[in-house]
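User: Hi! Could you walk me through this one? I'd like to chat about it piece by piece.
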Amino acid sequence: GQPGTRTSHALQQSRGMILVKLGDNGNALAAFENALAAAQSNQEKLEALRSLVLVGKQTGAKGKTAEYLAQARSLAPEDESLLREQTILAGLEGNHSEAVRLGSLLVILDPSPENIAILANSLFLSAQYQEAAKLYIELSGKDPQMLYKAGLSLASAQLDKQAADTLEAFLHVNDNTTLKAETLLALGNIYTKQGDAAQAYRAFREALPLASA
């Protein structure tokens, strides 16, 4: 409450962090906005904007969070963490084409498995199933569960033979009962669509004791 404290970036930033720890997100948001207004350098602006993104995510204010991320990226366009946050937020907002665009930039910036998975998920949600499947298969060497996602992507692309082969391969490396049941059910549907009654029957029969009600 002392004179001049509202125009001190360091004090407002510190106050905001304490309020976040106390669970007072409303006043924390106000403090970080004061810190942003008082910032004297791009580094201080970025610090305040990152904090505003954090609180925006916690409060579910997607629109404001998107604005803060856009401002932050204008100051640091090559910052991987900010671009990742922006990509994920675009997907949560249902803007899947934008998520694909941002995700593509993210993978160029850092082709880590985490970033490739984000792009693959965005491609799937934007109905670019074959492209998503390619990335899931690429990731499956280190994460076998990606074969399951690849199989579902190929099935969505109407590539039933490839989808069945991929899901059968997943069954050989998977030890999760729930996922095994879901994989067998998906296989049963694919084989039914293909007119392969024997394989469909086998898949549904194996799924039955594993499936939930």
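Analyst: Happy to! One term to begin with: a residue counts as buried under 20% relative accessible area, as exposed over 50%, and as partly exposed in between. Also keep in mind that this is a predicted model.

User: Thanks. So is Ala127 buried, partly exposed or exposed?
Analyst: Ala127 has 46% relative accessibility, so it counts as partly exposed.

User: And where is Ala127?
Analyst: In the loop between helix 7 (113–125) and helix 8 (129–139).

User: What is the phi of Ala127?
Analyst: Phi is near 70° for Ala127, a positive value in a residue that is not glycine. For context, most residues other than glycine have a negative phi.

User: How far is Ala127 from Ala31, C-alpha to C-alpha?
Analyst: Those two C-alpha atoms are 41 Å apart, and the residues are separated by 96 residues along the chain.

User: OK, Gln158 next. What is its phi?
Analyst: Gln158 has a positive phi too, about 65°, although it is not a glycine. Gln158 sits in the loop between helix 9 (145–156) and helix 10.

User: Buried or exposed?
Analyst: Gln158 counts as exposed, because its relative accessibility is 51%.

User: Let's move on to helix packing. At what angle do helix 10 and helix 11 pack?
Analyst: Helix 10 (residues 160–173) packs on helix 11 (residues 177–194) at an angle of about 155°, and their axes are 10 Å apart. Helix 10 is therefore roughly antiparallel to helix 11.

User: Is that crossing left-handed or right-handed?
Analyst: Left-handed, as helix 10 passes helix 11.

User: Which residues meet there?
Analyst: From helix 10, they include Ala163, Ala164, Leu167, Phe170 and Leu171. Helix 11 brings, among others, Leu184, Leu187, Ile190 and Tyr191. By class, the contact of helix 10 with helix 11 has 11 nonpolar, 2 polar and 5 charged residues.

User: How about helix 5 and helix 6, how do their axes cross?
Analyst: The axes of helix 5 and helix 6 (residues 96–109) cross at roughly 160° and come within 8 Å. That makes helix 5 roughly antiparallel to helix 6. Their crossing is left-handed.

User: Which residues make that contact?
Analyst: On helix 5, they include Leu83, Arg84, Thr87 and Ala90. On helix 6, Ala99, Leu102, Leu106 and Leu109 are among them. The class count for the contact of helix 5 with helix 6 is 7 nonpolar, 5 polar and 3 charged residues.

User: New topic: Asp79. Where does it lie?
Analyst: Asp79 is in the loop between helix 4 (62–75) and helix 5 (80–92). Its relative accessibility is 17%, so Asp79 counts as buried.

User: What does the side chain of Asp79 reach?
Analyst: The backbone nitrogen of Leu82, at 3.0 Å. Leaving aside neighbours within four places in sequence, Asp79 is also in contact with Arg50 and Leu109.

User: Last one: Thr65, buried or exposed?
Analyst: Thr65, which lies in helix 4, counts as buried because its relative accessibility is 2%.

User: And which residues is Thr65 in contact with?
Analyst: Beyond its neighbours within four places in sequence, Thr65 is in contact with Val53, Gly56, Lys57 and Leu89.

User: Great, thanks!
Analyst: Any time!

Key: Residues numbered from 1 in each chain as written. Predicted model: local features only at pLDDT ≥ 70, side-chain atom pairs only at ≥ 80, totals over all residues. Heavy atoms only, no water. Axes fitted to C-alpha atoms, helices over the stretch in contact; angles between N-to-C directions. Helix = DSSP H or I, 4+ residues; strand = E, 2+ residues; numbered from the N terminus. Parallel < 35°, antiparallel > 145°, perpendicular 65-115°, else oblique. Left-handed = near helix turned anticlockwise from the far one by under 90°. Contact = heavy atoms within 4.5 Å. Nonpolar A, V, L, I, M, F, W, Y, C, P; charged D, E, K, R; others polar. Buried < 20%, exposed > 50% of the residue type's maximum accessible area, 1.4 Å probe, protein only. Polar contact = N/O pair within 3.5 Å; in protein donor to acceptor, adjacent residues only side chain to side chain.
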